Every structure is written in structure tokens, then in C-alpha cells.
Amino acid sequence: MPSAVSSRGTLALLFGQRALMAVVTGLILVGGVWGSWGTAQYVMLTKGRERGTVMVADCSQDACTGPYRPVSAGSVARPRVRLDTSVGVRTGEVLTVVVKPGTDEVVRSGPAGVLYAWLPLGGALVLAGVVVAGGLRLRRTAWVMGGSGLALVTAAFVALH
């Protein structure tokens, strides 16, 4: 009889570990999507948003600025808009952008902008792959997750540089 009780206890602990690792993996992935969606919504859902180009005039440590020229109907020209410097821009470059509503802040659009917007998800996929491999022992799933995240991060790096 003691072996049956011990076996049930081990099974309960194993189930608890797997459930906890599944929750951690889910939280990592939700965090990646949450972190990406803040920028991705402007880049991917451009209908009704102000779209145009920015000629990068000046870059500081945390942001680049330049004049905004509208491309979409209803968009208004601005003498100066702010672009996050982490998108790999150089002074003198002309970039296609989308204006965040109610601000003078813009985000890069096009394929490079989409890839940049989903970078947090790429990092989350790599991290979740490690958790899935170690905690859930699902090695193939972990390789697919980690490989997908690494491909996304690599593609974004190539597109932005």
C-alpha cells in the first residue's frame, strides 16, 4: 500500500510541475504579445491613421526627429516629429511612418516596422522555448518556439540595418 500512495504523490507533483511550467510559458508569451501590440497596432492597422514620410534630421541618444510629410488623405504636415532611435535610423534617411493618434510621435511602417514591432514577441518565444524544453520536456515544441523567435529577431535585425 505505501507504494501506491507514494506513486500518487509523485504523479501529483509531476502534474503540478507541468501545470506551473505551462502557466509560466503562457505568461511569457502573453507578455511578449502585450509588449509588441503597443507598437504593432499602429503599424499593422493603418486604415484611418495618418501615414507619411519622415526625413531624419537629428538624432539624440533616445530619439530622432525630422519633418513629417503626409501621404494619406487627411494627414497634416508637421515641422517636427519624434521617432524612437532603436529602429536603426541614420540622419538624412527618409522613412515611411505612421503617426500615433494625438501625438507628434511616429512609428516606422512597412515590413521593417512590422518586424520591429514584434521584436518583444520574438524574445518571448526564445525564452518560452527554454522553459518548454526544461520544464515541460517538450523538446520539438521548444525548438520550434525558440527557432521561430530567433528567426523573427534575426529578420528584424536584417530589415532594420
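Trainee: Let's start with the helices. Which way does α2 cross α4, left-handed or right-handed?
Mentor: The crossing of α2 past α4 is left-handed. Keep in mind that this is a predicted model.

Trainee: Noted. How close do those two axes come, and at what angle do they cross?
Mentor: The axes of α2 and α4, the latter being residues 139-160, come within 9 Å, and the crossing angle is roughly 140°. The two helices are therefore oblique to each other. Antiparallel would need an angle over 145 degrees.

Trainee: And what about α3 against α4?
Mentor: There the axes come within 7 Å and cross at roughly 155°. That makes α3 roughly antiparallel to α4.

Trainee: What's the handedness for that one?
Mentor: α3 passes α4 in a left-handed crossing.

Trainee: How far is S148 from G129?
Mentor: Their C-alpha atoms are separated by 9.4 Å, and the two residues are 19 apart along the chain.

Trainee: Switching topic: aromatics. How many aromatic pairs does a search of the whole structure find?
Mentor: That search finds one aromatic pair. The partners are W37 and W118, with 6.3 Å centre to centre and 45° between the planes, which makes the pair tilted.

Trainee: Which parts of the chain does that pair tie together?
Mentor: W37 lies in helix α1, residues 2-44, while W118 is in the loop between α2 (110-117) and α3 (119-136), so the pair ties together parts that are 81 residues apart in sequence.

Trainee: Are those tryptophans buried or exposed?
Mentor: One of each sort, roughly speaking: W118 counts as buried at 16% relative accessibility, whereas W37 is partly exposed, with a relative accessible area of 36%.

Trainee: OK, on to the strands. What does β3 pair with?
Mentor: Let's take its partners in turn. Strand β1, residues 51-55, is joined to β3, residues 63-70, by three bridges, and the two run antiparallel. Strand β2, residues 58-59, is joined to β3 by two bridges, again antiparallel. On to β4, residues 78-84: five bridges join β3 to that strand, and they run antiparallel.

Trainee: How many residues sit between β2 and β3?
Mentor: Three residues lie between them, and the two strands form a hairpin.

Trainee: Last one: are the two cysteines buried or exposed?
Mentor: C64 counts as buried, at 2% relative accessibility. C59 counts as partly exposed, at 31% relative accessibility.

Key
Residues numbered from 1 in each chain as written. Predicted model: local features only at pLDDT ≥ 70, side-chain atom pairs only at ≥ 80, totals over all residues. Heavy atoms only, no water. Pairing = 2+ DSSP bridges. Helix = DSSP H or I, 4+ residues; strand = E, 2+ residues; numbered from the N terminus. Phe/Tyr/Trp six-rings, centres within 6.5 Å; stacked < 30°, edge-to-face > 60°. Buried < 20%, exposed > 50% of the residue type's maximum accessible area, 1.4 Å probe, protein only. Axes fitted to C-alpha atoms, helices over the stretch in contact; angles between N-to-C directions. Parallel < 35°, antiparallel > 145°, perpendicular 65-115°, else oblique. Left-handed = near helix turned anticlockwise from the far one by under 90°.
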